[in-house]
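Colleague: I would like to learn how to read salt bridges in a model. Please take me through them one pair at a time.

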Amino acid sequence: YVGYSVVSSGITNEISSGTQHDELAELKSSYSNLSVMFDSVKATYYAGSTDDIQTYNDAKIELSRANAAIEKVQSALDAGKPSNEVDSRIVFAKEKLQAAYDAYNNL
């Protein structure tokens with residue numbers, strides 16, 4: 001039974017780890033797409049007033065926070081952290097990415 005339990009546990013971790021890697025890839029892809037969107041409007045805001053530049057920079061900070069959260073997911077996976085910790089980092093990264101999308105949409 002102990003041998004079965006260890007093997008079963010290993011399979012479960014590999015399955016969730018594979019899903020987590022897929023979610024990380026999706027996060028990175030979404031981040032990349034959003035980053036391109038930010039870059040495409042940067043010149044418009046930088047050509048405007050100081051307030052326009054500040055508005056853009058404030059929104060861009062949300063994008064940086066999302067990137068940092070995504071990097072924490074990557075590091076947790078690379079370090080072999082427990083599945084529940086990786087999952088919580090994924091949820092946090094999704095929240096930060098959504099905040100960055102919201103900031104972009106409010107530009």
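**Reading the salt bridges**

Modeller: E23 and K94 form a salt bridge, with their closest N and O atoms 2.8 Å apart. This is a predicted model, in which local features need pLDDT of at least 70 and side-chain atom pairs count only at pLDDT 80 or more, while totals for chains, interfaces and linings use all residues. Residues are numbered from 1 along each chain as its sequence is written, and side-chain values use heavy atoms, with hydrogens and water left out.

Colleague: What is a salt bridge?

Modeller: Side chains of opposite charge can pair when their charged atoms come close. The term here means a side-chain nitrogen of Lys or Arg within 4 Å of a carboxyl oxygen of Asp or Glu.

Colleague: How many salt bridges does the structure hold?

Modeller: Four. In one of them, E23 lies in helix α1 (residues 2-46) and K94 in helix α3 (residues 83-105), so the pair ties together parts 71 residues apart in sequence. Helices are DSSP runs of H or I, at least four residues, numbered from the N terminus.

Colleague: Which residue forms a salt bridge with D39?

Modeller: K60, with the closest N and O atoms 3.4 Å apart. D39 is in helix α1 and K60 in helix α2 (residues 50-78), 21 residues apart, and the pair links distant parts of the chain.

Colleague: Is E62 buried or exposed?

Modeller: Buried, at 19% relative accessible area; buried means under 20%, exposed over 50%, partly exposed in between (1.4 Å probe, protein chains only). E62 meets R65 in a salt bridge of 2.8 Å, N to O. R65 is partly exposed at 44%.

Conventions. Helices (H or I, at least four residues) and strands (E, at least two) are DSSP runs, numbered from the N terminus.
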